[in-house]
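Reader: I have a model open on my screen and would like to learn how to read it. Could you walk me through its features step by step?

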Amino acid sequence: MKRNLRTIVVTVALALGASVLNAEDYPAKAIDYIIPYNPGGESDVTARFQEKFWSDVTGQDVVISYKPGAGGATAWSQLGGFDADGYTIMNVNFPHAILQPSIKDVGYQTEDVTPVYVFHYTPDAIVVRADSPHQTLQDVIDFAKDNPGALTFGGSGTNSANHLAAVRFGQMADVKVTYVPFGGSAPAMAAVLGGQIGAGMTYTTQGVKAGDQVRVLAIATEERLDIFPDVPTFKELGFDYVAGAYRGVTVPAGTPDDVREKLSDVIASINDIPAFQAQMQENGYVLVDVPNAEMVDWIAARKADYAPGIETLKGN
Amino acid sequence: MLDALLAALSLENLTLAFLGVLVGTIIGALPGLSATMAVAVLVPFTFTMDPSSGLIVLGAIYTGAIYGGAYSAILVNTPGTPAAIATAMDGFPMAKRGDGDLAVTISCLGSVAGGTIGALALLFLAPPLSQIALSFGPIEYFWLAIFGLSLIATLSRGATLLGLIGGAIGLLLSCVGSAVVGGDVRYTFGQTALLGGIPVIPALIGFYCVPVLIEMVIRPEAHLEQRAERMRGFRLIEALGLMWRSKVNVIRSAVVGTAVGIIPAAGGSVAGLVAYSEARRTSKTPEEFGKGAHDGVIASEASNSATVGGGFIPTLVLGIPGTPPDAIILGALLVQGIRTGPQLFTQQADIVFTFTFGLLIATLLMLPTGLIIGRYAYRLIVSIPKTALAPAIAFLTIVGSFAIEANTFHVVIMVTLGIIGWLLARVGLEASPIVLGLILGPIAEAGFVQGWLIGGAQEDRFGMFFGQPISLGIMAMTMLTLMSSGLFKRKAQKEQPS
């Protein structure tokens, strides 16, 4: 309702020739923010966090809508069909947007969804149910070594961040595990809590949500997080592994460079707000700042990082 | 708890609950505008509110929208939300024969009763009941979906074979797009728009509403029968009498709805169908189902409204959303700085209880709002000439299928499936089995593949599929449903004469 009303108001204003939109006063009206997943997940929640501060920074609103399907591919493959004026923006996730086109024909290429800003990541985390016999990551590795293939890792989706993490963990620790994909982080965690799955290959955020029902064994960050003071990083445990799902904001290809720059600045300004930072960190998100200017190099680095895992996924 | 009740009864919260129910009911009544969408659009407004008030307004919209779906199901044979699929099966025949007013009133009473029981379960039994959600793993989902598919035999009113063919068509349609597990791209014919599969809401509108529209245009008689005597008010006394006689059905359906609501990913459509099929199985007059049985409407509405309270149980206790609208509300909770989980009931109990009382009040407010809106909706549909009604509904179907994702492709899907649905209806293939196949197919597929993977890891696939207590229970229910349907009865009759 609200969205339609706004769209009408804005359309009428434009029709009356109220203003010619240009990068100078971008954003001069409400922006459509499309989430390529179902509501309630990490992509939605972080966009909602941004939404709360969006109008303080820009003086305009942001209107969130959802276009779920095919692990994000439904929305990303349609991005090119929107007006390249900066008023339709979309959430984009990595490694998903690199994995999917390199493994299957999903109707888009990574270059089509190049973000203008990557604003946070949810670090990979291995979690087990609180009453699990596995007390440490080493217990999990020992179990997997003794029982090849018997350890089940539940995660969100196929060819997703969780899937890649399970593959890379197997390579690093030289063990064979069975990855079981679910339709999202929440159902995967439900299976961990219900005991149907041995461990969750998921994100720190899910560890926060489940509270003391689970034990987080290791997280893929550079340093320990304040919310999990007792949980070691993979680095501490001898694995050079920092990874997770990186989330950014993208616009249709062909959007003018000055608009991309402006949008990049908006997201950067929200990332600088202490209240936003606190809310993100409390919930297990780790802020990063990759602005528009550094994006091409950042994507190239990610591609190189994911390459060995992708080869394994292709072989499956 | 008393403080929480008083807080929920504050003027502000009462007003919000009332407005929420009102807006929700209207949105739910329009085909295509679903509870999920209503909640998603209104979330930002709650950011400025006090957490419990924000939650009350979202809960009220949600519960109103689930109820609102009954109007279009009864009056136009189009479930306004998937939760109202079973309502249409008897509600529309009732309206067709001139009892639309009664159908609207009993659907309202059924929803209030079911919603109240669901909310009471949330209030008093949330932490223990949340364990139900955890006992459902991939295998249980697989068998639950099979159980749901077995209901086709019950729903297809005698023509079991045609029902099964319809179910198979639905399953085939559910295969379109990127596979739930494995990510293989199937039957998209190069259309990227089909990657996400056939969208359920446009399919629902197409299969149910388009055939009604076509019939409306090609047949001379009125859309709904109008009885000789003029408007008879709400027929509330009559409806209350029916409710009292069906009290066992009401309670059983509400319990089914609460339990199905707790199980993540199942939702109102499954609850309505299970309760409907149980009501029919235990009824003394099962032959009346599908032809306008009161108990069919009561079962569907009591159970789908009970899923609201039930769905909040795993959402608040475990942080696992029970239904899609719960997922959005969960996101709104995080933005408000509320941490879900078992500690929520101890550390932030005041918010939880104020919200639960608010939900309860909203459910009760559904009685006056629902009756009044229902009366006007019924009057509108019977009194408008078909020449105005048909284009108005046609317009709504297009708006409804477009609105979900602002996607014109969904309109194309809606119209295409609608025409196919009309053609299939002419050879006796009804919409319900097809839609059931479409909704349950992905649940069955994901459950099967996940179960296969887990069973393989444990080197005991047989035990995985056939050795779990809950699965065995669901299998037994499936057998019971199949045996009480026409599937085996007719065979038995054929054998008798010889």
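Author: Gladly! Let us start with a working definition: two residues are in contact if their C-beta atoms, placed from the backbone, lie within 7 Å. Please keep in mind that this is a predicted model.

Reader: Which domains is chain A divided into?

Author: Chain A is split into domain 1 (2-119 + 246-315) and domain 2 (122-219). The bounds come from an automatic or database domain assignment.

Reader: How many residues of domain 1 of chain A are in contact with domain 2 of chain A?

Author: On the domain 1 side of chain A there are 18 residues in contact with 18 residues of domain 2 of chain A. Helix 4 and helix 11 (295-315) of chain A are the elements that give two or more residues to the side of domain 1 that touches domain 2. By residue class, that side of domain 1 of chain A divides into seven nonpolar, 10 polar and one charged. The centres of domain 1 and domain 2 of chain A, taken over C-alpha atoms, are 28 Å apart.

Reader: What radius of gyration would a compact globule of 316 residues have, and what does chain A have?

Author: With 316 residues, a compact globule would have a radius of gyration near 20 Å, and chain A has 20 Å, which agrees. The C-alpha trace of chain A spans about 70 × 40 × 35 Å along its principal axes. In chain A, buried residues make up 54% of the 316 residues. Chain A has 11 helices and 10 strands. Of the contacts in chain A with a separation of 6 or more, 75% come from residues 24 or more positions apart.

Reader: Where in chain A does A:Val286 lie, and which residues does it touch?

Author: A:Val286 lies in strand 10 (residues 286-290) of chain A. Leaving out residues up to four places away in sequence, A:Val286 touches A:His120, A:Tyr121, A:Pro123 and A:Thr221. A residue is buried if 20 or more other C-beta atoms lie within 10 Å of its own; A:Val286 has 21 such neighbours, so A:Val286 counts as buried.

Reader: Backbone angles next. Which residues does a cis peptide bond join?

Author: One cis peptide bond joins A:Tyr26 and A:Pro27, with omega about -10 degrees. A:Pro27 sits in the loop between helix 1 and strand 1 (31-35) of chain A. The peptide bond from A:Phe94 to A:Pro95 is also cis, with omega near 10 degrees, and A:Pro95 is in the loop between strand 3 (88-94) and helix 4 (96-103) of chain A.

Reader: Now chain B. Why do the buried residues of helix 16 line one face of the helix?

Author: The buried residues of helix 16 of chain B include B:Leu389, B:Ile393, B:Leu396 and B:Gly400. Seen down the helix axis, the buried residues of helix 16 of chain B fall within an arc of 155 degrees, so they line one face. The face turned away from that buried side carries the exposed residues B:Thr387, B:Ala388, B:Pro391 and B:Phe395. The buried residues pack against helix 4 (51-76), helix 8 (200-218), helix 15 (349-383) and helix 17 (408-426) of chain B.

Definitions and conventions:
Residues numbered from 1 in each chain as written. Chains lettered and ligands numbered in written order. Predicted model: local features only at pLDDT ≥ 70, side-chain atom pairs only at ≥ 80, totals over all residues. Buried ≥ 20, exposed ≤ 12 C-beta atoms within 10 Å, placed from the backbone. Helix = DSSP H or I, 4+ residues; strand = E, 2+ residues; numbered from the N terminus. Arc of directions from axis to C-beta. Rg over C-alpha atoms; globule rule 2.2 N^0.38 Å. Nonpolar A, V, L, I, M, F, W, Y, C, P; charged D, E, K, R; others polar.
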